[in-house]
Amino acid sequence: MAILPIVTVPDPLLKKISKPVEKVDDKLRAFMDDMLETMYAAPGVGLAAVQVGHLKRILVIDIAGEEEDPNPQYFINPEIMWTSEELNTYNEGCLSIPEQYADIDRPAECKIKFLDYDGNEHEVHMDGMLATCIQHEMDHLNGVVFIDYLSKIKRGIYVRKVKKLVRDNE
Ligand code: K1U
Ligand code: ZN
């Protein structure tokens, strides 16, 4: 297993559309294990493959609390089948926009179709933090990050702060 470097804004890769996975095999599973290790090390509750430089439609999520057992979830080629009209607001962060947060409104519930770690298909209804997190991660697959929902001025401020943070850590 390996911890992979995380791409940060304004890297143009984060604006690109990720491509569907064609085959779920051991090589892909090894990559997903690396994604999970990278997410835990960050630490984060989700990670999209593009955030570690691979334009593949893959997500990993674990929203288990510190007192709970780990609950890693793998999503390959996820599709949103339904979203609720009711919205939920969450103060979101992003490992590609380190140390910055903003309140983002998203559908409170959704139904997601995806392939799991073994390539089996599921359709799952989600709410709460899982619904927020998967929609945030699916945005990454479509080249969208949470600051894209903010005004151009606010977005610019966030990007400048991240650039400085990255420079200072080099
Ligand atoms: O960069 C990412 O996509 C991961 C992101 C996921 C996310 C967080 C909040 C709302 C929606 C999506 C993060 O994990 S940011 C870090 C974070 O939220 C966190 C880190 C440690 C413990 C608990 C939360
Ligand atoms: Zn993110």
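Buried means under 20% relative accessible area, exposed means over 50%, and partly exposed is what sits in between, using a 1.4 Å probe and protein chains only. Everything here comes from a predicted model, where local features need pLDDT of at least 70, side-chain atom pairs count only at pLDDT 80 or more, and totals for chains, interfaces and linings use all residues. Residues are numbered from 1 along each chain as its sequence is written, chains are lettered from A and ligands numbered from 1 in the order in which they are written, and side-chain values use heavy atoms, with hydrogens and water left out.

**View 1. Asp 148 sits in the loop between α2 and α3 (152-168).** Asp 148 is partly exposed, with a relative accessible area of 25%. Contact here means heavy atoms within 4.5 Å. Setting aside neighbours within four places in sequence, Asp 148 touches Lys 15, Gly 143 and Arg 155 by that contact rule. Helices (H or I, at least four residues) and strands (E, at least two) are DSSP runs, numbered from the N terminus.

**View 2. Three side chains hold the zinc ion (ligand 2): Cys 94, His 136 and His 140.** The donor atoms are SG of Cys 94 and NE2 of both His 136 and His 140, lying 2.0 to 2.3 Å from the zinc ion. A donor is an N, O or S atom within 2.8 Å of the metal (3.2 Å for Na, K and Ca); water is not among the atoms, so sites may look incomplete. Along the chain, the zinc donors are spaced as C-x41-H-x3-H. Distant parts of the chain are linked here: Cys 94 is in the loop between β4 (87-92) and β5 (102-107), while His 140 is in helix α2 (residues 128-141), 46 residues apart. Are Cys 94 and His 140 buried or exposed? Cys 94 is buried at 8% relative accessible area, and His 140 is buried at 1%.

**View 3. The largest pocket holds about 460 Å³ of space.** A pocket is an open set of points on a 1 Å grid over the protein atoms alone, with protein on both sides within 12 Å along at least five of seven lines; a 1.4 Å probe fits at the points, and lining residues have an atom within 4 Å of a point. Grid points are joined across faces, edges and corners, and the volume is the space filled by probe spheres set on them. Of the 24 lining residues, Gly 44, Val 45, Gly 93, Cys 94 and Leu 95 lie nearest the centre. Helix α2 gives the largest share of the lining, 6 residues.

**View 4. Thr 132 is tucked into helix α2, where Thr 132 is buried.** Its relative accessible area is 4%.

**View 5. Antiparallel pairing links β3 to β2 and to β6.** Two strands pair if DSSP finds at least two bridges between them. Strands β2 (residues 58-61) and β3 (residues 73-83) share 4 bridges, with Leu 59 partnered by Phe 75. Between β3 and β6 (residues 109-115) there are 5 bridges, and Thr 83 stands opposite Cys 110.

**View 6. Strands β6 and β7 (residues 121-127) run antiparallel, joined by 7 bridges.** Glu 109 has Asp 127 as its bridge partner in β7. The hairpin has 5 residues between the strands, and Gly 119 takes a positive phi near 90° there.
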